[in-house]
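Colleague: I would like to learn how to read a structural model feature by feature, with the cut-offs behind each term. Could we go through one together?

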Amino acid sequence: MPPVEILIEGLTQSCILMTMAFGMVLVYSILGILNWTHGWLYMLGAYVVFFATTAAGIPFPIGILLAGLAMAGIGILIKKFVIDHVGNELYVGVATLALIGVLEGAATLLFTADDRGLATILPGVLRMGVVAVSYQKMAVIGFTLVVMAVMYFVLNQTKVGLAIRALAQQPVAASLYGISTSRLSLIVMGIGCALAGMAGAIIAPLYSINPFIGMSPQIMALL
């Protein structure tokens with residue numbers, strides 16, 4: 001593989017991790033929660049888009065959105081029924097670590113441990129001399145740039161984004177100004193987990209999917 005193609009491969013994987021890590025950092029910076037299940041929501045997002053496109057015949061771009069919505073829902077449930085009832089930051093880490101086994105075990109029971117693969121959505125390559133870059137990898141890079149641009153706009157140009165920033169900087173003052181910290185916390189958790197799900201969904205045509213793919217991106221996102 002020529003050095004430029006190695007660079008493109010590394011850039012593709014970096015973009016996937018960037019999308020996932022952005023969600024993790026958003027949750028941690030606003031809520032002070034290190035969500036250890038983030039990598040396994042990434043794994044479930046890949047399964048959602050796989051079954052949405054293969055079993056239901058849903059177009060791949062809509063499947064990515066469905067994966068994001070599904071993981072946002074799971075993230076909100078985790079926040080509402082697990083994290084909010086634990087309270088202590090250390091115990092939250094232990095609780096979300098325990099959930100890893102639940103999510104991984106459930107995925108294994110439901111989908112088996114076999115590798116699955118989604119057919120390439122954008123076949124073909126762009127050739128530049130001796131370098132060949134697949135359109136699928138270019139789409140991943142483009143998707144990441146769009147996600148980062150959208151998140152920048154949301155956090156800096158919308159009322160919800162300004163409220164999130166206020167909650168991060170001065171949570172007490174934000175509540176005094178009428179910002180519902182509990183509702184905003186659920187929104188932040190949903191957004192962070194949705195990014196993990198979409199990161200997993202975008203890789204489905206490129207790499208194998210199984211219940212154990214969450215560990216590596218989780219570790220890399222923490223670095």
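Colleague: Is Phe143 buried or exposed, and what is its relative accessible area?

Modeller: Some ground rules come before the answer: this is a predicted model, in which local features need pLDDT of at least 70 and side-chain atom pairs count only at pLDDT 80 or more, while totals for chains, interfaces and linings use all residues. Residues are numbered from 1 along each chain as its sequence is written, and side-chain values use heavy atoms, with hydrogens and water left out. As to the term, buried means under 20% relative accessible area, exposed means over 50%, and partly exposed lies in between, with a 1.4 Å probe and protein chains only. Phe143 is buried, with a relative accessible area of 18%.

Colleague: Where is Phe143 placed, and which residues does Phe143 touch?

Modeller: Phe143 is in helix α5, where helices (H or I, at least four residues) and strands (E, at least two) are DSSP runs numbered from the N terminus. Contact means heavy atoms within 4.5 Å, and, not counting residues up to four places away in sequence, Phe143 touches Ile64, Met198 and Ile202.

Colleague: How should I read a nonpolar core, and which residues have the most contacts inside the largest one?

Modeller: In soluble globular proteins, nonpolar side chains tend to be buried together. A nonpolar core is here a set of buried Ala, Val, Leu, Ile, Met, Phe, Trp, Tyr and Cys residues joined through side-chain atoms within 4.5 Å. The largest such core has 57 residues, and those with the most contacts inside it are Leu44, Ile64 and Ile202. The elements that each give two or more residues to this core are α1 (3-31), α2, α3 (60-86), α4 (89-111), α5 (135-157), α6 (159-169) and α8 (181-202). Of these, α8 gives the most, with 10 residues.

Colleague: What span does helix α2 reach, and how many of its residues are buried?

Modeller: The expected span of a helix is 1.5 Å times one less than its number of residues. Helix α2 (residues 38-54) has 17 residues and reaches 25 Å from its first C-alpha to its last, close to the 24 Å expected. The helix is also mostly covered, since 14 of the 17 residues in α2 are buried. In the loop between α1 and α2 lies Thr37, which is buried with a relative accessible area of 0%. Leaving aside neighbours within four places in sequence, Thr37 is in contact with Ile78, Thr96, Leu99, Ile100, Leu103 and Gln218.

Colleague: How many salt bridges does the structure hold?

Modeller: Side chains of opposite charge can pair when their charged atoms come close. The cut-off used for a salt bridge is a side-chain nitrogen of Lys or Arg within 4 Å of a carboxyl oxygen of Asp or Glu, and the structure holds two. In one, Lys137 pairs with Glu9, the closest N and O atoms being 2.4 Å apart; Lys137 lies in helix α5 and Glu9 in helix α1, so the pair ties together parts that are 128 residues apart in sequence. Glu9 is buried, with a relative accessible area of 16%. In the other, the side chains of Asp84 and Lys79 meet at 2.5 Å, N to O; Asp84 is partly exposed at 43% relative accessible area, whereas Lys79 is buried at 7%.

Colleague: How do strands β1 and β2 run, and how many bridges join them?

Modeller: Two strands pair if DSSP finds at least two bridges between them. Strand β1 (residues 125-128) and strand β2 (residues 131-134) run antiparallel and are joined by four bridges, with Met128 standing opposite Val131 in β2. Their hairpin has two residues between the strands, and there Gly129 takes a positive phi near 70°.

Colleague: Which value does phi take at Thr112?

Modeller: Phi of Thr112 is near 70°, a positive value in a residue other than glycine. Thr112 is in the loop between α4 and β1 and is partly exposed, with a relative accessible area of 35%.
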